[in-house]
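Q: Could you take me through this structure one feature at a time, with the general idea before the particular case?

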Amino acid sequence: MEPEALSVVPEGCTPSPFELRKAKRDQEEMNAGGEFSRWQQPGGAAKKQKREAAATPQPLPGRTDVPRDPWKTVAVKNVPWAAGENDIAAFFSQAGQVANVWRGTHRDGRVQHITFVQFGSREEASRSLQLNGADFNGRQVFVEPSTAGTAGSNRRATEAAEGGAGGSGEGKPVEGCWFCLGSAAADTELVASVGEEVYLAVDKGPITPEHVLIVPIDHLSASVALSPRCFAEVERYLSALRSMYTSLGRELVAFERHLYLRTKGGNHCHINVVGVTPAAGKRAGDAFRAAAATAGYTLELLPPLARGSGPDELRQQLLQALGGADTEYFMALLPDGSRLVRPLMRGERWPMALGREVLADLAGVPERASWKQCSSSPEEERQRVEQFRQLFKPFDVMQQAEDGGEKREKGQGQQVRE
């Protein structure tokens with residue numbers, strides 16, 4: 001390009017802030033005379049010290065008396081460092097009533113680049129998403145749901161949850177994963193039933209003899225990220241287990257914990273299921289709520305869907321309640337089919353053992369809350385798996401499918417002979 005073309009200022013360009021600052025400094029020197037120092041303030045205070053103080057981000061602790069609600073909260077990036085809580089609340093008040101503002105800190109004391117703004121209602125939080133890209137004191141802010149992306153980037157899971165092919169056949173086995181059947185780390189001897197998309201395994205450190213895990217065969221992160229077909233098979237296994245527990249005078253209680261794991265290829269979805277007495281089943285909801293409250297969290301109740309609803313309607317209900325397939329969350333399944341859910345916001349740390357501790361307490365064996373304390377010999381494991389297989393056989397959805405196929409084949413053969 002010619003030098004003249006390079007010097008042309010594009011249309012709509014604003015003056016350089018460095019030039020403006022230099023012009024202001026030159027004017028101050030001219031007005032102050034020979035004794036002027038560029039760091040000197042009229043009152044004698046050092047301008048350099050003031051600038052450094054303003055550049056030090058101050059954490060916003062937020063109001064501790066306001067329970068944090070992920071459904072009413074948005075995450076905001078690129079907030080001006082100098083903006084205080086009142087400034088942020090005033091800016092977002094155009095979307096609704098601001099109930100809380102806080103900015104977390106890293107372990108070394110540095111302020112995190114994300115600020116959380118909680119509103120008085122979910123509708124107001126949803127409305128605030130329209131401020132994404134708006135100008136706030138000279139900076140463009142980015143607004144998104146507080147739970148978005150907490151489980152990392154997972155395009156395949158999102159496609160699967162929306163009905164694509166990502167949840168079927170594309171989850172490659174991960175070496176070192178305990179739940180990938182193709183991994184050397186998997187205890188395949190514990191497998192009690194294998195379906196087309198899902199398998200059932202006896203827990204390695206069981207709370208009760210009938211404590212099992214429902215696990216997708218493919219390495220997929222969460223139940224809400226499964227394909228419709230795989231999700232439906234999970235529901236069939238839950239129904240079969242519910243019938244089995246009923247035959248034992250028990251009720252089904254389960255939980256799923258979806259946390260983003262950086263090792264072993266990330267989280268491999270698994271649902272813990274146990275049978276408890278009817279009395280324990282009645283207090284299961286309160287037990288999960290109390291444990292979550294102790295950890296500083298609240299759980300939202302999702303009532304059972306209307307009779308006649310299918311797995312697809314349930315998937316959509318969960319996706320809406322949890323904020324998408326790429327969200328960390330905790331979910332408990334109660335005997336009446338209702339669920340307690342909690343999506344996790346950025347920076348929140350869910351207690352890893354909470355679900356198992358609640359199940360152990362409901363089962364009347366709180367001492368078995370730690371699976372490491374429940375290990376057994378390989379021979380004991382084989383016996384326990386065989387006992388469960390015999391117990392589950394009349395209810396096994398895969399066994400019934402095979403038996404039905406054999407009956408159809410025999411019937412067709414009889415007709416041919418006749």
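A: We can begin with the cysteines, where a disulfide is a pair of cysteine sulfur atoms within 2.5 Å; the structure holds zero disulfides. This is a predicted model, in which local features need pLDDT of at least 70 and side-chain atom pairs count only at pLDDT 80 or more, while totals for chains, interfaces and linings use all residues. Residues are numbered from 1 along each chain as its sequence is written, and side-chain values use heavy atoms, with hydrogens and water left out.

Q: Is Cys180 buried or exposed?
A: Buried means under 20% relative accessible area, exposed over 50%, and partly exposed in between, with a 1.4 Å probe and protein chains only. Cys180 has 1% relative accessibility and counts as buried, and Cys269 is buried with a relative accessible area of 1%.

Q: How should I read the strand order of the open sheet?
A: Strands of a sheet pair through backbone hydrogen bonds, either parallel or antiparallel. Strands here are DSSP runs of E with at least two residues, helices are runs of H or I with at least four, and both are numbered from the N terminus; two strands pair if DSSP finds at least two bridges between them. In this model four strands form an open sheet in the order 2-3-1-6, with antiparallel pairing, and its edge strands, each pairing on one side only, are strand 2 (98–105) and strand 6 (142–145). Within the sheet, strand 1 (residues 73–77) and strand 3 (residues 111–119) run antiparallel and are joined by five bridges, and Thr73 has Gln118 of strand 3 as its bridge partner.

Q: What is the phi of Asn78, and where is Asn137 found?
A: Most residues other than glycine have a negative phi, and most peptide bonds are trans. Asn78 has a positive phi of about 70° although it is not a glycine; this residue is found in the loop between strand 1 and helix 4 (85–92) and is partly exposed, at 26% relative accessible area. Asn137 also has a positive phi, near 55°, and lies in the loop between strand 4 (135–136) and strand 5 (139–140), where at 58% relative accessibility Asn137 counts as exposed.

Q: How many cavities of 30 Å³ or more does the structure hold, and what lines the largest?
A: On a 1 Å grid over the protein atoms alone, a cavity is a set of points where a 1.4 Å probe fits but cannot get out, whereas a pocket is an open set with protein on both sides within 12 Å along at least five of seven lines, and lining residues have an atom within 4 Å of a point. The structure holds one cavity of 30 Å³ or more, and the largest cavity has a volume of about 120 Å³. Its lining has 14 residues, of which Leu238, Glu256, Ile271, Met331 and Arg339 are the closest to the centre. Helix 7 gives the largest share of that lining, four residues.

Q: Which residues lie nearest the centre of the largest pocket?
A: The largest pocket has a volume of about 910 Å³, and of the 36 residues that line it, Trp178, Phe179, Arg257, His270 and Trp371 lie nearest its centre.

Note on methods: Points joined across faces, edges and corners; volume = space filled by probe spheres on them.
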